[in-house]
Amino acid sequence: GFSMSCKQLPIDHAWLLAQALTQQLPWLIDEPLAHIHPIQVAISSNGWNRPDDAQHQVLVPSRRTRLYLRLPKPRIEDAKALCGKTLSLGGYGLTVGEAKAKLLQNYPVISARYVASHDQETEDDFMQRIAHEIHHLTGIKIKKMLCGKSYQLHRPAGALLTRHLMIADLDNDTCIQLQQQGLGGERLLGCGLFLPHKGIKAQD
């Protein structure tokens, strides 16, 4: 994670952030375990409950807001080339500060804010496809998985439909593997990126 200084940035900034970071770190494109986190601020600043008109709204980061990349260990030093650089996100400047590495955590419940979905895909189709992908990656058949609200990420090629996803009852190895690999593609747009879900217990 990097400290950052930024007065404002677009709420729907995933594509802009990916363009800015891959310009500075071109190897992100070909590194299969590299993921870019969307920048999140406090809920009161529209960090979670995003307005419908997200393309024309802005986030106001605080001093505690961080820019996070998920990277394999050999790439951590390479990523520190970002320190001190100023990125341009749709005309908004974001200056990258100091870097601090953090290990992935084991947790029985993980969730992703955005998992890429196909335009014509029903929720059941989406869940089945992701379950097959998990089984292919890990050999595990997931018992508890919950799909949440959908959200569109905008990009020049057209809007990308995403769905919120929570997965429960994970053993440690599967939890870490899913966090490392991600699910559903579009990793540089912050999709398929799982975090420990600490605010809720898994329910039947």
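pLDDT is the predictor's confidence in each residue, on a scale from 0 to 100. You will need that idea here, as this is a predicted model. The chain has a mean pLDDT of 87, and 89% of its residues reach 70 or more. Two stretches call for caution. Over residues 43-54, pLDDT stays under 50, and the model has 23 contacts beyond four places in sequence for this stretch. Residues 200-204 also stay under 50, with six contacts beyond four places in sequence.

**The sheet**

Now find the open sheet, which is formed by four strands in the order β10-β11-β9-β12 with antiparallel pairing. Its edge strands are β10 and β12 (195-196), each of which pairs on one side only. Helix α3 (residues 123-138) packs on this sheet and touches β9, β10 and β11 (160-168). The direction of the helix makes about 115 degrees with that of β10.

| Strand pair | Bridges |
|---|---|
| β10 and β11 | eight bridges |
| β9 and β11 | five bridges |
| β9 and β12 | two bridges |

Lys144 stands opposite Ala168 in β11, Val115 has Arg163 in β11 as its bridge partner, and Ser111 is bridged to Leu195 in β12. Strands β10 and β11 also form a hairpin, with six residues between them. In the turn of that hairpin, Gly158 has a positive phi of about 120 degrees.

**Strand β11 from both sides**

How many of the residues of β11 are buried? Nine of the nine are, so this strand is largely enclosed by the rest of the structure. In a regular strand, side chains alternate between the two faces of the sheet. In β11, Leu160, Thr162, His164, Met166 and Ala168 point one way. Leu161, Arg163, Leu165 and Ile167 point the other way, and the residues of both groups are all buried. Look again at Arg163: its charged end sits over the ring of Phe126, 5.6 Å from the ring centre.

**A pair of rings**

The count of aromatic pairs comes to one. Tyr114 and Tyr151 form this pair, with 5.6 Å from centre to centre and 40 degrees between the planes. Why does the pair tie together parts that are 37 residues apart in sequence? Tyr114 lies in strand β9 (residues 110-116) and Tyr151 lies in strand β10 (residues 144-153), so the pair links those parts.

**Two loop residues to look up**

Asp169 has a positive phi of about 60 degrees although it is not a glycine. You will find Asp169 in the loop between β11 and α4 (172-181), where it is partly exposed with a relative accessible area of 46%. Glu186, which is not a glycine either, has a positive phi of about 60 degrees. Glu186 has its place in the loop between α4 and β12, and it is partly exposed with a relative accessible area of 33%.

Note on methods:
Residues are numbered from 1 along each chain as its sequence is written. This is a predicted model: local features need pLDDT of at least 70, side-chain atom pairs count only at pLDDT 80 or more; totals for chains, interfaces and linings use all residues. Side-chain values use heavy atoms; hydrogens and water are left out. Contact means heavy atoms within 4.5 Å. Rings of Phe, Tyr and Trp (its six-membered ring) pair if their centres lie within 6.5 Å; planes under 30 degrees apart count as stacked, over 60 as edge-to-face and the rest as tilted. A charge sits over a ring if NZ of Lys or CZ of Arg is within 6 Å of the ring centre and within 35 degrees of the ring normal. Two strands pair if DSSP finds at least two bridges between them. Axes are lines fitted to C-alpha atoms, for helices over the stretch in contact, and angles run from 0 to 180 degrees between N-to-C directions. Buried means under 20% relative accessible area, exposed over 50%, partly exposed in between (1.4 Å probe, protein chains only).
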